[in-house]
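Hello,

Here is the structure you asked about. Please open it next to this email and follow along residue by residue.

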Amino acid sequence: MAVYTHVSAEELMSFLADYELGAVKAFKGIAEGVENSNYFLETHSGRYILTLFEKRVEESDLPFFMTLMQNFVKAGLPTAGPVGDKQGQLLKTLSGRPAVIIHFVDGISVETPSADHCASLGAMLAEMHLAADAMSLTRPNSLSVEGWRALAAECSNLDLILPNLNHETQDHLNAMADWPAPNALPQGVIHADLFPDNVLFTDIEITGIIDFYFACTDFYAYDLAICLNAWVFDADHSFNASKAADMIGAYEEIRPLSDAEKAALPLLARGAALRFFLTRAYDYLNQIEGALVKVKDPAEYIAKAAFHRDHNLLDNLPMPRRKISQSERVKRSELAKKKAAMTPIDLPP
């Protein structure tokens, strides 16, 4: 989350007049994240997130995101759904930007996930993938391999970040020639941006999955690879095999990986690291003056790509330490019943 577009009090009051949310009690910008402008909004009816869509989000994709969030809420997953105005309209315009109000979900994100957090995330990710199997929604991934090549071409001055980075990036891009062919692996709608700041916890229980604005159709194992990169490397950027084992083990208790997915996972993880390196590098080299945003370090992800170039993350993993508890199994059984009974919401015309 971040703030690029500033909303005045007058603009906010005019915008909220179309809703039945009550008087405003608090309104402030959120600096975390990099893609859209986000504000915390509290009214007499509750707490919300107001998002104004910027940068890489295409307005034509927004109905897909709204429908996806509604479907996940309907499936019983802990996700935040959009709020309709007095006429039931979800998408509006504010300060010249497409905008939506999302229900606020309780919990906190963790900066340094523990192995227990990683296991909880692995299980929840598998639940999301199973729920996605029940949906007919599709959206192409514009930030897959060809998108990375286009981004790299726009970042020809990567050596300003680190010496020899142009050459190293090209080496990683060349390795993507072995990327799995379309339909080679199980696929469906994935989150594609499930970093720790997009997952809210109470203790080790996940209470909220947020920020679906990179969601797209791609390999489920690629979504897992993104999470491994974001969650199982320690603060010094070293790979934590125990955290990886717990995440993968918990995922497989819900949705076992196929042999083909396991064989592809190391390359998928390298590609996932390259993808986030390139978007971070682009943002680092093209900072917007005056924007309330924390620019993330691209060097972190080129280091992770180098790890996957030199190592197979599945080699020498310990046995998963944390198993899913009986109470978790009961909760997941209830989720499965909701998913089985779910009639997916169609995209609006």
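Arg275 lies over the face of Phe276, 3.9 Å from the ring centre. Arg275 also sits over the face of Phe214, at 4.9 Å from that ring centre. Please bear in mind that this is a predicted model.

Arg275 turns up again in a helix contact. It is one of the residues of H8 that meet H4. On the H4 side the residues are Trp148, Leu151, Ala152 and Glu154. On the H8 side they are Gly271, Leu274, Arg275, Leu278, Thr279 and Tyr282. H8 covers residues 259-285, and its axis comes within 10 Å of the H4 axis. The two axes cross at roughly 35°. The crossing of H4 past H8 is left-handed.

Next, the aromatics. How many aromatic pairs does the structure hold? There are 16. Take Phe72 and Phe212, among them: the ring centres are 5.6 Å apart and the planes stand at 35°, so this pair is tilted. Planes under 30 degrees apart would count as stacked, and over 60 as edge-to-face. Phe72 belongs to helix H2 (residues 62-74), while Phe212 is in the loop between E9 and E10, so the pair ties together parts 140 residues apart in sequence. Are these two residues buried or exposed? Phe72 is buried, with a relative accessible area of 2%. Phe212 is buried as well, at 1% relative accessibility.

Trp179 and Tyr222 make an edge-to-face aromatic pair. Their centres are 5.7 Å apart, with 80° between the planes. Trp179 is in the loop between H5 and strand E7 (187-190), and Tyr222 is in helix H6 (residues 220-231), so this pair links parts 43 residues apart in sequence. Trp179 is buried, with a relative accessible area of 13%. Tyr222 is buried too, at 2%.

There is also an aromatic cluster. Phe53, Phe64, Phe65 and Tyr213 form it.

Two backbone angles deserve a look. Asp211 is not a glycine, yet its phi is positive, near 60°. Asp211 lies in the loop between strand E9 (205-209) and strand E10 (216-219). Its relative accessible area is 19%, and the cut-off for buried is under 20%, so Asp211 counts as buried.

Asn164 is the other case. Its phi is positive, about 65°, and Asn164 is not a glycine either. Where is Asn164 placed? Look in the loop between helix H4 (145-154) and helix H5 (165-175). Asn164 is partly exposed, with a relative accessible area of 48%.

Last stop: Thr43. Thr43 is in strand E2 (residues 37-43). Thr43 is buried, at 2% relative accessibility. A polar atom of the Thr43 side chain lies 2.5 Å from the backbone oxygen of Leu21. Which residues touch Thr43, leaving aside its neighbours within four places in sequence? They are Leu21, Gly22, Ala23, Val24, Lys25 and Tyr48.

Best wishes

Terms used. Residues are numbered from 1 along each chain as its sequence is written. This is a predicted model: local features need pLDDT of at least 70, side-chain atom pairs count only at pLDDT 80 or more; totals for chains, interfaces and linings use all residues. Side-chain values use heavy atoms; hydrogens and water are left out. Helices (H or I, at least four residues) and strands (E, at least two) are DSSP runs, numbered from the N terminus. Buried means under 20% relative accessible area, exposed over 50%, partly exposed in between (1.4 Å probe, protein chains only). Rings of Phe, Tyr and Trp (its six-membered ring) pair if their centres lie within 6.5 Å; planes under 30 degrees apart count as stacked, over 60 as edge-to-face and the rest as tilted. A charge sits over a ring if NZ of Lys or CZ of Arg is within 6 Å of the ring centre and within 35 degrees of the ring normal. A polar contact is a pair of N or O atoms within 3.5 Å; within protein, one must be able to donate a hydrogen and the other to accept it, and residues adjacent in sequence count only if both atoms are side-chain atoms. Contact means heavy atoms within 4.5 Å. Axes are lines fitted to C-alpha atoms, for helices over the stretch in contact, and angles run from 0 to 180 degrees between N-to-C directions. A crossing is left-handed if the near helix is turned anticlockwise from the far one by less than a right angle, and right-handed if clockwise.
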